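Let's take a walk through the charged and aromatic contacts of this model. Have the structure open as you read.

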Amino acid sequence: MMQLFKKRNEKVILKDVHDFNRIGQETGIILLDKFPNIKKQIRMINLTENDLAHLAFIYDDIKTVLPKMTDKFYQAMEIEPGLLKIIADHSSTERLRASLTTHIQSMFEGKIDEEYLEQRRTIATIHVHIGLESKWYIAAFEILYDEFFQFMEHIEMPKDQLFKTLRAFMKVLNLEQ
């Protein structure tokens, strides 16, 4: 992999041009035979194994911005004082930041299977148990979109690959929500 870093406002080349040919040859994995309703949802949003391959392609690169994405996510949560109380009563911001970083990173591993879903269900159950209103959680997802789009703005890649990667991320976040 080639990494050339340029000035702040210029594009960053993260991959050799020939690496983009690999995306069509490799696919992600969707293994959800025990979850027919989730499979229907995935079909409805048209999330494919090829989409997962686009996200997996930038896996190493996205790890560099995950701390910033996580920080921005929790900064957004701080707008609502009730959210800070929920965090203080049930965990710590540091623990949740680490958990969210791992959670986001798993979206780029190229695999959606039973383990992936169980992690999400566990988190959803905890959110319900502690009284986190969905509107706050979903609103904070906008931060993840924004940070990811800013990251992608600075990557030099063919336009079609860029849009496929952006669409793939939007589909995965749709499933997350």
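Applying the salt-bridge rule (a side-chain nitrogen of Lys or Arg within 4 Å of a carboxyl oxygen of Asp or Glu), you get eight salt bridges. Before we look at some of them, a word on the ground rules: this is a predicted model, where local features need pLDDT of at least 70, side-chain atom pairs count only at pLDDT 80 or more, and totals for chains, interfaces and linings use all residues. Residues are numbered from 1 along each chain as its sequence is written, and side-chain values use heavy atoms, with hydrogens and water left out.

| Salt bridge | N to O distance |
|---|---|
| Glu 114 and Lys 34 | 3.9 Å |
| Lys 171 and Asp 51 | 3.0 Å |
| Lys 68 and Glu 147 | 3.7 Å |

Helices and strands here are DSSP runs (H or I, at least four residues, for helices; E, at least two, for strands), numbered from the N terminus. Burial goes by relative accessible area: buried is under 20%, exposed is over 50%, and partly exposed is in between (1.4 Å probe, protein chains only).

Take Lys 68 and Glu 147. Lys 68 belongs to helix 5 (residues 66-77) and Glu 147 to helix 9 (residues 134-153), so this bridge ties together parts 79 residues apart in sequence. Lys 68 is partly exposed at 44%, while Glu 147 is buried at 8%.

Now for Lys 171 and Asp 51, which meet in a salt bridge. Lys 171 sits in helix 10 and Asp 51 in helix 3 (residues 49-57), so parts 120 residues apart in sequence are tied together. Both Lys 171 and Asp 51 are buried.

Helix 10 itself covers residues 159-176, 18 residues in total. Its buried residues include Leu 166, Phe 169, Lys 171 and Leu 173.

On to the rings. Rings of Phe, Tyr and Trp (its six-membered ring) pair if their centres lie within 6.5 Å; planes under 30 degrees apart are stacked, over 60 edge-to-face, and the rest tilted. That gives seven aromatic pairs. In one of them, Phe 73 and Tyr 74 have ring centres 5.3 Å apart and planes at 75°, so the pair is edge-to-face. Phe 73 and Tyr 74 are both buried.

Phe 148 and Phe 169 are stacked, at 4.0 Å centre to centre with 25° between the planes. Phe 148 is in helix 9 and Phe 169 in helix 10, so the pair ties together parts 21 residues apart in sequence. Ring pairs also link Phe 108, Tyr 145, Phe 148, Phe 151 and Phe 169 into a cluster.

Note on methods
The expected span of a helix is 1.5 Å times one less than its number of residues.
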